[in-house]
Amino acid sequence: MFEKLPAAIGHALHAQRAGLEKIVFNQLDLGAGTGSITVSSPAFREQENIPAIYTADGAGISPPLTWSNISNGATGVALIVEDADAPMPQPLVHLIVVDLLPKEGVLPEGAIKHGGSNDVNARTGKNSYLQAAWLPPDPPTGHGVHRYAFQVFTLDSTPVFSDAPGRDEVMAALRQTAIASGCLIGTYERPER
């Protein structure tokens, strides 16, 4: 969608960014005594470029993720991917997955489809385009580097979510049930042609 915007618009909006402080990971005050989850990907490292295959400039498939250091008391896992540098007041939600099993610790490459289906035993929530699907990174040309936060949370009870929960619903449940969190930041910038 944003690949068709002229670079001049991206340059004009360069200073407009939601901000890393507004991602769910930084909005939740889990307090002392909560655990720390290690989130990683075999496709990219912390603060490194997300390969184009996982973006709107490539095949647009969801990247592989792993998480570890899950406590024995965890009953569920939630994943939220947000663009902290979207030129809007709040981060752009690229993916929500709830009801992941704690013992699995992995989301395989391409497990969440751009079209809405998924290959995991979990439920996909609504992204910012109100689709229960993976929304590939698609920053405006000329806007600069965007930071994509892959956030994982473990829960100590299993909330009852709607069929395709949105950010607000998931965030409210996390405030009540999250016992640990972790975050991996990947970056992507659309090259000017």
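Trainee: So is Arg-190 buried or exposed?
Mentor: Arg-190 counts as buried, at 3% relative accessibility; buried means under 20% relative accessible area, exposed over 50%, partly exposed in between (1.4 Å probe, protein chains only). This is a predicted model, so local features need pLDDT of at least 70 and side-chain atom pairs 80 or more, while totals for chains, interfaces and linings use all residues. Residues are numbered from 1 along each chain as its sequence is written, and side-chain values use heavy atoms, leaving out hydrogens and water.

Trainee: Which residue does Arg-190 form a salt bridge with?
Mentor: Asp-138, with the closest N and O atoms 2.7 Å apart. A salt bridge here is a side-chain nitrogen of Lys or Arg within 4 Å of a carboxyl oxygen of Asp or Glu. Asp-138 is buried too, at 11%.

Trainee: How many salt bridges are there in the whole structure?
Mentor: The search finds 6. One of them joins Arg-167 and Glu-82, 2.5 Å from N to O. Arg-167 lies in helix α3 and Glu-82 in strand β5, so the pair ties together parts 85 residues apart in sequence. Helices (H or I, at least four residues) and strands (E, at least two) are DSSP runs, numbered from the N terminus.
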